[in-house]
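Me: Hi! I'm new to this one, could you walk me through how the helices pack?
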Amino acid sequence: MQGQAESVDGALPRERPTRRILRDETLLVLGLSLGASGVSALISFIGSVTKPGGLKDQAATMNASAAPGRPWLDLAWQLFGITTALVPVALVAHLLMREGAGLRTLGFDRTKPWFDLARGAAVAAVIGSTGIAFYLAARGLGFNLTVVPEALPEVWWKYPVLILSAIQNAVLEEVIVVGYLLRRLQQLGWSPGNALAASSVLRGSYHLYQGIGGFVGNMVMGVVFVYLYRRWGRVGPLVVAHSLLDIGAFVGYGLLAGKVGWLPTP
């Protein structure tokens, strides 16, 4: 009888995924996104520490030109990179929808815009100031490369692309590393402490290309963001905070590099 394979309305019945399916799904999502970035950052870090000279004498560039001297082609590549980087977020949304949830269950929606904006801005203000001080100290001690947040040509689309890149980073990281990962680890039976450690270490790992300072600083930020997510039940404020932090770093560097003495440049 066909009715056993289908529900009354003809749709396939929803089944709760097994632990193995949840585990494999999580590994695949991470393998397509920030888990792979963590491995890439580790390889980059090994290359940096084994290269003659100190870490602070080397540079880690974040937003570079993809087609020097060809601004329209460069713009196409920039927009392509930003868009495709968000595909794992779309995959997470699809997987959550299949279990009857969606991104709303992670608090990534438009139900509380002023809450998200206000809390996010406050978090960015606190972390931004301490983050700059920590980076300068880590670089001064030789634990960090010189981070170059942007190296785009002086064209009309430079700052709009930097803002889009910042927002893309925020959405990708907070949805996957905080909301999605913590949900899946809870479903897999991980303790809150172990889940916090996994999320924070993962966040630090894909910043390792910046050096030990980048790893430690972002791991600490990961601990704070997990705490705030559990307190508020929403990744929305974290996306806002992360976006503002990266916009400040990308745009600020573009405007200030070479014009102020305290900002390191290659």
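Me: Is the crossing of helix 1 and helix 6 left-handed or right-handed?
Reply: The crossing of helix 1 and helix 6 is left-handed. A crossing gets that label if the near helix is turned anticlockwise from the far one by less than a right angle, and right-handed if clockwise. Helices here are DSSP runs of H or I with at least four residues, strands are E runs of at least two, and both are numbered from the N terminus.

Me: At what angle do helix 1 and helix 6 cross?
Reply: Roughly 160°, and the axes of helix 1 (residues 19-31) and helix 6 come within 10 Å. Axes are lines fitted to C-alpha atoms, for helices over the stretch in contact, with angles from 0 to 180 degrees between N-to-C directions. That makes helix 1 roughly antiparallel to helix 6; under 35 degrees counts as roughly parallel, over 145 as roughly antiparallel, 65 to 115 as roughly perpendicular and the rest as oblique.

Me: Before I go on, what kind of model is this?
Reply: This is a predicted model, where local features need pLDDT of at least 70, side-chain atom pairs count only at pLDDT 80 or more, and totals for chains, interfaces and linings use all residues. Residues are numbered from 1 along each chain as its sequence is written, and side-chain values use heavy atoms, leaving out hydrogens and water.

Me: And what is the mean pLDDT of the protein chain?
Reply: The mean is 93, and 94% of the residues reach 70 or more. pLDDT is the predictor's confidence in each residue, from 0 to 100.

Me: Where does pLDDT stay under 50?
Reply: Over residues 1-13, for which the model has five contacts beyond four places in sequence. Contact means heavy atoms within 4.5 Å.

Me: Back to helices: how far apart are the axes of helix 5 and helix 8?
Reply: The axes of helix 5 (residues 113-140) and helix 8 (residues 212-232) are 11 Å apart, at an angle of about 160°. The two helices are therefore roughly antiparallel, and helix 5 passes helix 8 in a right-handed crossing.

Me: Which residues meet there?
Reply: Among them are Phe115, Arg119 and Val123 in helix 5, and Gly213, Val216 and Trp232 in helix 8.

Me: New topic: how many aromatic pairs does the structure hold?
Reply: Three. Rings of Phe, Tyr and Trp (its six-membered ring) pair if their centres lie within 6.5 Å; planes under 30 degrees apart count as stacked, over 60 as edge-to-face and the rest as tilted. In one of the pairs, Trp72 and Trp156 have ring centres 5.9 Å apart and planes at 55°, so that pair is tilted.
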